[in-house]
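Me: Can you walk me through this one? I'd like to go over it piece by piece.
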Amino acid sequence: MLYSENEREDFKTIINEKIEETRKEISDLADRVKPVEPDVAIGRLTRMDAIGSKSIYEAGLASARQNLTQLERALDRVDRKDYGFCSYCKKPIPIQRMLAMPETETCLGCAG
Ligand SMILES: [Zn+2]
């Protein structure tokens with residue numbers, strides 16, 4: 001194990017907080033991507049705006065969902081012996097990066 005039990009507990013806490021935040025974000029975005037009503041009260045331009053922001057929200061929703069999957073997977077990985085090692089170069093990922101992004105599977109050098 002690269003990180004101690006206490007450190008892994010910290011990672012789990014951070015991951016759980018992030019999961020909570022991401023779930024809120026997803027439900028908020030899901031509300032916004034509901035079909036734009038062909039409401040007579042909205043003019044044509046406003047409707048175009050609504051459709052334009054809808055695609056932005058849809059992109060945000062897709063990335064939030066992806067993020068949630070990563071976080072949930074990270075929660076399963078924390079207690080595995082390869083957790084904290086970069087999946088590309090196999091070097092340990094510095095704890096500062098792990099604390100900021102406990103769901104990451106790569107070191108900063110390999111992330112780009
Ligand atoms: Zn690496």
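Me: Is Cys89 buried or exposed, or something in between?
Reply: In this predicted model, Cys89 counts as partly exposed because its relative accessibility is 30%, whereas Cys86, at 1%, counts as buried.

Me: Which protein atoms are the donors of the zinc ion?
Reply: The donors are the SG atoms of Cys86, Cys89, Cys107 and Cys110, which lie 2.3 to 2.4 Å from the zinc ion, and along the chain they follow the spacing C-x2-C-x17-C-x2-C.

Me: And why is the arrangement around the zinc ion called tetrahedral?
Reply: The 4 donor atoms subtend angles of 103 to 117° around the zinc ion, and therefore the arrangement counts as tetrahedral. For four tetrahedral donors the ideal angle is 109.5 degrees.

Me: Switching topic, what is the phi of Lys90?
Reply: Phi of Lys90 is near 65°, a positive value in a residue other than glycine. Most residues other than glycine have a negative phi. Lys90 sits in the loop between α2 and α3, and it counts as exposed because its relative accessibility is 57%.

Me: What about Arg97, where is it found?
Reply: Arg97 belongs to helix α3, residues 95–100, and it is buried yet has no salt bridge, with the nearest side chain of opposite charge, Glu103, 8.7 Å away. Its contacts beyond four places in sequence include Cys107, which is also one of the zinc donors.

Me: Last one: which residues touch the most other members of the largest nonpolar core?
Reply: Those are Ile15, Tyr83 and Met98, in a core of 18 residues, to which α1 (5–32) and α2 (44–77) each give two or more residues. Among the residues that Ile15 touches are Leu71, Leu75 and Tyr83.

Note on methods:
Residues are numbered from 1 along each chain as its sequence is written. This is a predicted model: local features need pLDDT of at least 70, side-chain atom pairs count only at pLDDT 80 or more; totals for chains, interfaces and linings use all residues. Side-chain values use heavy atoms; hydrogens and water are left out. A nonpolar core is a set of buried Ala, Val, Leu, Ile, Met, Phe, Trp, Tyr and Cys residues joined through side-chain atoms within 4.5 Å. Buried means under 20% relative accessible area, exposed over 50%, partly exposed in between (1.4 Å probe, protein chains only). Helices (H or I, at least four residues) and strands (E, at least two) are DSSP runs, numbered from the N terminus. Contact means heavy atoms within 4.5 Å. Lys and Arg count as positive and Asp and Glu as negative; His and the chain ends are not counted. A salt bridge is a side-chain nitrogen of Lys or Arg within 4 Å of a carboxyl oxygen of Asp or Glu. Donors are N, O and S atoms within 2.8 Å of the metal (3.2 Å for Na, K and Ca); water is not among the atoms, so sites may look incomplete. Four donors count as tetrahedral if all angles lie between 85 and 135 degrees; four count as square planar and six as octahedral if opposite donors are over 155 degrees apart and all others between 65 and 115; anything else is irregular.
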